[in-house]
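Let's look at how charged side chains pair up, and at how we decide what to call them. Have the structure open while you read.

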Amino acid sequence: MFSASVIISFYNNIKALDIIITSLESQADSQFDVIIADDGSNEQSQQYLADKISVSSLTIKHISQRDQGFRKNRILNKSVSLAESEYLIFIDGDCIPQQHFVADHLNESSSGLILNGRRVDLAEMFKERLHQSNTPQSFFQDNLATILFHYLLGKGKNVEKGLRVTNPRLSRFLNRKDKSIVGCNFSLFKADLLSVNGFNNRYEVASVGEDTDIEYRLVKKGKRVKNLFFKATMLHVIHPELPRLKEATEIFNESVKNGETVAIDGYNQAFEQP
């Protein structure tokens, strides 16, 4: 039995996924399986995944659905059904976990808690170096001086979140402010997720559906968000942020107005569409 299931949201970005898998193969805690939640990638990506899974030291499952636009929440729900662990860690397919990522999530896990991590947004100049690294799990530490130098010049974002702080008192101080979860780095027990019927499948544009909505319903159900900043570190190459689209905001506002805690179209309905 695994201690955690790491669920990776994926769509055709095989270069990033390759180094994510390499990084996960070198985690400090190896008691986890991996589920690739594939939102309709092309045949080339599908073949890559089959080849990668066959040679990886990890236990990896791949689940996909038809490419009918952005249906991230639906494939996440489908992926949860394959998890061999009672604890779920969600990451995006362009975010590279550092060596203690899984261990930090597991060490802080508790029933009723949603652990809320962050990511370092590296400057674009680090993209190729990161993608070519043989040790992506330690890339931040190995390149710390260069990353910090360019950060001071205004290149990159949230770089300080890559520093791993293990002192309990300092960690509590750094995590003292309430912050909303982000879909690229959070974790919780499967039972807590299923108590609100998982992710809301109605969101079919990138925006608030994979984090703001799920947090709202979980908190309303009595769960609590705990920050995991300066731990569970991960790297991401910066790119323009996606706007909060009107369609998603309208769905969320409707949920708030109706006081919804359990998704009407969620985990239990995910397999109704291929």
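**Salt bridges and burial**

Q: Why is Arg-202 called partly exposed?

A: This is a predicted model, and in it Arg-202 has a relative accessibility of 33%.

Q: What makes the contact of Arg-202 and Glu-254 a salt bridge?

A: Their side chains meet at 3.2 Å, N to O. The cut-off is within 4 Å, so this pair gets the name.

Q: Which parts does that pair tie together?

A: Arg-202 is in the loop between helix H9 (190–194) and helix H10 (212–220), while Glu-254 is in helix H11 (residues 246–258), so the parts joined are 52 residues apart in sequence.

Q: How do you know whether Lys-52 is buried or exposed?

A: Check its relative accessibility: 16%. Buried means under 20%, so Lys-52 is buried.

Q: What makes Lys-52 and Asp-18 a salt bridge?

A: The N to O distance is 2.9 Å, and the limit is within 4 Å, so the pair qualifies.

Q: Why is Asp-18 not called buried too?

A: Its relative accessible area is 27%. Buried needs under 20%, so Asp-18 is partly exposed instead.

Q: How do you know that Asp-121 is buried?

A: Its relative accessible area is 6%, and the cut-off is under 20%, so buried it is. Asp-121 also forms a salt bridge with Arg-119, with the closest N and O atoms 3.3 Å apart.

How values were computed
Residues numbered from 1 in each chain as written. Predicted model: local features only at pLDDT ≥ 70, side-chain atom pairs only at ≥ 80, totals over all residues. Heavy atoms only, no water. Buried < 20%, exposed > 50% of the residue type's maximum accessible area, 1.4 Å probe, protein only. Helix = DSSP H or I, 4+ residues; strand = E, 2+ residues; numbered from the N terminus.
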